Amino acid sequence: MGQYNALNIAWNALRGHKNWQRAWRDPEPKSNYDVIIIGGGGHGLATAYYLAKNHGITNVAILEKGWIGGGNVGRNTTIVRSNYLLDGNSPFYEHGMNLWRDMAQDLNYNVMFSPRGVMNIAHTKSQYDTFARRANTMRLNGIQAELLSRDEVLEREPIIDGSADTRFPVWGGILQPDAGNARHDAVAWGYARAADQLGVDIIQNCEVIDFIKQGERIIGVKTNRGDIHADKVGMAVAGSSSRLAQKLGIRLPIESHVLQAFVTEPYKPLINGVVTFGAGHFYVSQSDKGGVVFGGDIDGYNTYAQRGNLPVFEDVIAGGLTMMPCLSRLKLLRNWGGVMDMSMDGSPIIDVGPIDGLYLNTGWCYGGFKATPASGYCFAHTIANDEAHELNKAYTLDRFAKGYTIDEKGMGPYPKAH
Amino acid sequence: MMRINCPYCGEREHSEFTYGEDATRTAPDNDAPMEEWNKFVYERDNPAGEHIEYWHHAFGCRAWLKVQRNTFTHDISWVGLPHEHPEAES
């Protein structure tokens, strides 16, 4: 398959681009693997890649019920950041930032990581004070953060309504300058291709129907393409975690909710970085193709439907237009929904168990995309060593029972509120 | 758009309502072991399909309602008062 490089492109261009090979194989499933990863989303693909690269475990299958890039990895707003407060989260996401920076080189695939800055806007003095606390906490944790004055905010993003008579005038902001965006599809394809080159089998259209148990240990899975055995089975099926766990009689601290996202027609450069509105829930950036990509709150009721309802749609747009009135002139191209594993404290779970042979990766709420590399890195470590990495040791399943929840917002066990 | 047929007000758009939670959970006794309390507070059935849940008619009569709704299709098959149960109707 070879490396992608400039010479390669030139050579193929001269031959009419007829000689490109598929980016990863399409193998038949074998009957036995060392490790099975259920779910070929970003996290599953990254996990398989790091299992092969960091731990030398290459006899790995990824079982994807749909196609690569068709789930939540293709349904997000592509934002990458690590502006967290709590000790359980900060080092994990900051390690992720390091992986994002080198990802294109590491995978030999242009994931278009663009550290264009993530700016949150404050609209009151007290909100600005909480941002100051956040910035200080981030800097103590070695994460870049800057407080911005009102003028600095408006200088960075001139299309924000800076007038004094707007409903929520801008007071200031907080900036994580090295955060930004990455191309979500490229992340999936890049990890898939790199994992495949290391020997991982990516098996699409392969739905796990049930688990195969021997005594109290899981030794494989039943799929629509036959039984597949493995020493270890990892679950990375955000959106469907409860449904799969139910087959094992496990109830998870998870509710499924839908998050809607939106993209407009392509437009000339309008928004420089990632911007979030502080008086409602609205986050926006502009893709390299020009589409203005934005989202807001989850719909707020349990659902497995990959579509939301109009009240939240209206609420998101209203927030956006309050902050950037000129967006009202753009035509909306697409609106879609993704099903989120909303956990009881708003933080994820990467853990061994709760059954022998099973490994759990779930509960990403609506922050899963940015976590893709760090999640794969830590989940691979957890599967290979049967214990958590230093970075995910707080993300245990039993933290709820033990009282060690990681609740960034302090909302308590109400998934719709995280 | 989902519409909920409030027993007091009639059929209204769901933007008049706020979502409560899974209506099938029941709290254990006060002196039940912590394990049971953990299950009650943190674990959910989270079914894919029929779900019985509470909604609050916040911008209407302000009554709490029990609703049976499909989490795949958003179809609402039954609405009642909190002490009622869908099966009692059929």
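Me: In which sense do strand E5 (residues 146–149) of chain A and E6(A) pair, and over how many bridges?
Reply: Keep in mind that this is a predicted model. Strand E5 and E6(A) line up in the antiparallel sense. The count of bridges between E5 and E6(A) is four.

Me: Which residue in E6(A) is the bridge partner of A:Leu147?
Reply: Let's zoom in on one spot. Across from A:Leu147 you'll find A:Ile174.

Me: What about strand E4 (residues 118–122) of chain A: how many bridges join it to E6(A)?
Reply: E4 and E6(A) run antiparallel. For instance, A:Val118 stands opposite A:Gln176. The number of bridges joining E4 to E6(A) is five.

Me: What volume does the largest cavity have?
Reply: Rolling a probe the size of a water molecule over the atoms shows where empty space is left. Here, one cavity of 30 Å³ or more turns up. Its volume is about 40 Å³.

Me: How many residues of the lining of the largest cavity are nonpolar?
Reply: The lining includes A:His123, A:Asp161, A:Phe168 and A:Met323. Sorted by type, three lining residues are polar and one is charged. The nonpolar ones number five.

Key:
Residues are numbered from 1 along each chain as its sequence is written. Chains are lettered from A and ligands numbered from 1 in the order in which they are written. This is a predicted model: local features need pLDDT of at least 70, side-chain atom pairs count only at pLDDT 80 or more; totals for chains, interfaces and linings use all residues. Side-chain values use heavy atoms; hydrogens and water are left out. On a 1 Å grid over the protein atoms alone, a cavity is a set of points where a 1.4 Å probe fits but cannot get out, and a pocket is an open set with protein on both sides within 12 Å along at least five of seven lines; lining residues have an atom within 4 Å of a point. Grid points are joined across faces, edges and corners, and a volume is the space filled by probe spheres set on the points. Ala, Val, Leu, Ile, Met, Phe, Trp, Tyr, Cys and Pro count as nonpolar, Asp, Glu, Lys and Arg as charged, and the others, Gly among them, as polar. Two strands pair if DSSP finds at least two bridges between them. Helices (H or I, at least four residues) and strands (E, at least two) are DSSP runs, numbered from the N terminus.
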